[in-house]
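What follows is a walk through one model, taking a few loops and helix contacts in turn. Please keep the sequence and the structure in view while reading.

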Amino acid sequence: MRPPMRSSIACTRCRKSKIKCENNGGTSPCDSCIKTGKECVFKLPDPVPPKRTEPPTGVRQERDGGSDRKKLKKIDDISKGDNQKASVYAEEVLSAPFLTEDLWEQVLDIYKLHFAPELPFLHLPTMKEKLGRKFKASHQDSSSDLNLVLLGVLTLTARFHPDLVKYLAHICTNQPGNARTRPVQTQLDPAAASEYYADVLTMALGPLRTAMKVASVERVAALLMLGLYDWSQTQPKTGGIGAWMYVGLAIRMAQYLGLGFGDIPSSGDQHTKSPELQQRASCQQSQVALDKEIRRRTMFSCFILDRMLACGKERVSVIHPEDIQIQLPCSEDKFDLAMEVPTGFLKDKGRHGMDDSVLSRFIQLVDIWGEISKFSSSGGRLHKREKERPPWTPESTFYQLNEKLAEFDAELPSTFTFSRSNYFKHENHQASSVYVLLHMLRCLCLIMLHREYIPFVPVRCEQPEGPLDNPTFPKEKFGSPPEGFWISSAEQVFKAAREIIDLIEICQRKDKLPQSTIVLFAIWTASFVGLYAEHFPRMDTEKHMLNYEFEDTRQPESVAEVFRRGSVAFAYATLHKMSTWLKMASTYVSILRQMDKYFETIKQDYYRFVAKNAGINEKTKRVREGGTGGGVEEYKPMYNTIKDLGFLRPVESDHSDSTDRSSPVTADGVPSGETEAIPKPSPKKAPKPVPSGSFTAINHTPIMPAPPDTGRPFTMLDTTAIAAEAHDRAFWDSFKKEEPRRIGTIGDLGFFTSGDSQLAVADMPFGDSSYIPALADSTYPYLQHIPEY
């Protein structure tokens, strides 16, 4: 219940209307303004009240909701087959009184923080100037293309703005009644605010046949915004098809508009300036330069999302690098000032003497990421081409991609490299988001590449070594690897994961962590690497992940140790926080818990069966049988779950253990009101206890013992022995199904791009369909108790 406030704290509208102002101290809109859709302004009353400039009828209209409130009709009231009505409705939605000039400033700042790296085409000075004209003009600007962009911005950002969440909660429920007497009684869900604007934007684009015959740069931008939003919001059954289709349509439209052409370098010198670059004195030429840069950035936004959504099995990218004949984006200061400068092209090696930017480096890294994800999704070291190519030889794909990453790092300017001081330099210029994504993606590249040859279950390894399961590289045939090769390769994985953890910590000090799908996947990957290090600590030789000190005091003792202390706990808490706005995060949270249980049980099974296997002449490589293998047979069924960024398609489940975020208690038993801030680092954690349970296949049907022989008494001892033997038989049967695998085959690339591991539930070794959480209901109670980003 809201605490009673002093009568002097009232907004200007309620004070003028002489009605009770229900508010929480002037930090957010009052109930009356929310119901009427008015701007809510709190200020000290003037000593002498000014004369009323409005006729009394205007006040009465406000008190009853006013005519403006009638504009905010439900989307279903508009004929979806009438394109003109849809445009008019979009204009009315954008004319809502609460969408003030100050609120738009805040919304654009949110966009820059969370979405500018992937969608850098918004020229914020121009946007603010157009919005200023719109508010000052006597009649509204009826530019439908501009409205598409504005609706796209609101689609992405509304869920992050608490005031918009409250306004839209009332609009979506369309509560009747007098604003003066009826309090706001709506359940607040951030996702609902963005869903509202996404629906309006979809309608404003027009009917399908009409939309397919109209092309503009603004429409490409709107489709990309819809695609990026749908990518982050996993929907039951449909999965990531919306993002896939929206981005695909945007790419085709961009290609039709020729956005990928126009900057073909002159023959001879690739960096020769064109006449346009030598003449940019007039205001008109400045506008031409700005328009060209916006077109370039829109095309590269298509390229970024195309590469990201093409990760995973059977996901094919549309844009080829050689088809992009435009120079890279310029730096942000040049973009703001509408200056055209030479920047070089996507495949350029040297950038000396040209304008350089973190964004252009990020785009070049996206291209490398596309190659690494394709290598991983196509089988990695298990691909037939790689079986006869050791990773330390120049012929191997691993070696070639590793050289590309090393070359990228070597060419990176010193001010772009990862360090705390460099982060704060970029943050000081409001350009930290693209810097964060650059290094998050760089770490992802290193982890995805170097984990290819790491054993999945290295329970018998004293230190990092090469694959223990076929294909291996025996010395007799391939020679010895360079000294320390496997240890160095493994260290790259843990070091990169620690950099991701450090980036999260730096960003969260000022609530500047971008709520990007790329950042989300990087955090999930780091959490998995940390979990791997916790269960197999001898693999993290330099203790990059093991020495991170953190304690989540909100978690009860019943929660597994790994989720209460250390690097995994820190990443886990961050994933929980991000699930408020990105529904994909809740899927990663659930999978991480299942992976912890899986590693615990497989280690326990190994130690339990190793004694039995020791006396058998026929040696086995299966880890669960106490063998010497590296767990490839354990890894393969998880291929899509851990690795693919593929197809976001969560399954609706009726299992009782499914996560319901509307409940006041979280899936881990933590009250939602206690999840506000991630605690500060704490002393080192105690050793992780080993559970007493044992592994059972998810589809395991217990094999009942045969009926007792009538000639022999059937005792309880016989029943126990037969049941144990039946359990072993069932275990071996299920174990034989788990063929050799690698870490890259557990489906995380599939979840990254489409939310689906592309693996049958029957083949999931660490859980059934209940590992995918329910996605309905509100997450706003959780949002109310954590710091805003």
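**Loops and helix packing**

Q233 has a relative accessible area of 1% and is therefore buried. The model is a predicted one. Q233 lies in the loop that joins α12 (217-232) to α13 (241-256). Leaving out residues up to four places away in sequence, Q233 touches R159, A191, W581, L582 and K583.

F121 sits in the loop between α6 and α7. Its relative accessible area is 4%, so F121 is buried, the cut-off being under 20%. Apart from neighbours within four places in sequence, F121 is in contact with Y111, A221, L224, M225, I294, R297, T298, S301 and F335. Across a separation of 175 residues in sequence, the C-alpha atoms of F121 and R296 are 8.1 Å apart in space.

Which residues of α6 are buried? They are L103, W104, V107, L108, I110, Y111, L113 and H114. Y111 of this set is also among the contacts of F121.

From α7, the residues M127, K130, L131 and K134 meet L146, N147, V149 and L150 of α8. By class, this contact of α7 with α8 holds five nonpolar residues, one polar residue and two charged residues.

Another pair of helices is α17 (residues 358-377) and α20, whose axes come within 10 Å and cross at roughly 20°. Because angles under 35 degrees count as roughly parallel, α17 is roughly parallel to α20. The crossing of α17 and α20 is left-handed. On the α17 side the contact is made by V358, L359, R361, F362, L365, V366, W369, I372 and F375. The α20 side contributes V434, Y435, L437, L438, L441, R442, L444, C445, M448 and L449. The contact of α17 with α20 has 17 nonpolar residues, no polar ones and two charged ones.

Helix α20 (residues 432-450) also packs with α19 (residues 420-428), at an angle of about 145° and with the axes 7 Å apart. Here N422, Y423, H426 and E427 of α19 meet S432, Y435 and V436 of α20. The classes in this contact are three nonpolar, three polar and one charged. Y435 takes part in the contact with α19 and is also listed in the contact with α17.

Two loop residues remain, and both concern the backbone. Most residues other than glycine have a negative phi. A338, although not a glycine, has a positive phi of about 55°. A338 is in the loop between α16 (332-336) and α17, and with a relative accessibility of 14% it counts as buried. K18, again not a glycine, has a positive phi of about 60°. K18 belongs to the loop between α1 (12-17) and α2 (31-36). Is K18 buried or exposed? Its relative accessibility is 72%, so K18 counts as exposed.

How values were computed. Residues numbered from 1 in each chain as written. Predicted model: local features only at pLDDT ≥ 70, side-chain atom pairs only at ≥ 80, totals over all residues. Heavy atoms only, no water. Contact = heavy atoms within 4.5 Å. Helix = DSSP H or I, 4+ residues; strand = E, 2+ residues; numbered from the N terminus. Nonpolar A, V, L, I, M, F, W, Y, C, P; charged D, E, K, R; others polar. Buried < 20%, exposed > 50% of the residue type's maximum accessible area, 1.4 Å probe, protein only. Axes fitted to C-alpha atoms, helices over the stretch in contact; angles between N-to-C directions. Parallel < 35°, antiparallel > 145°, perpendicular 65-115°, else oblique. Left-handed = near helix turned anticlockwise from the far one by under 90°.
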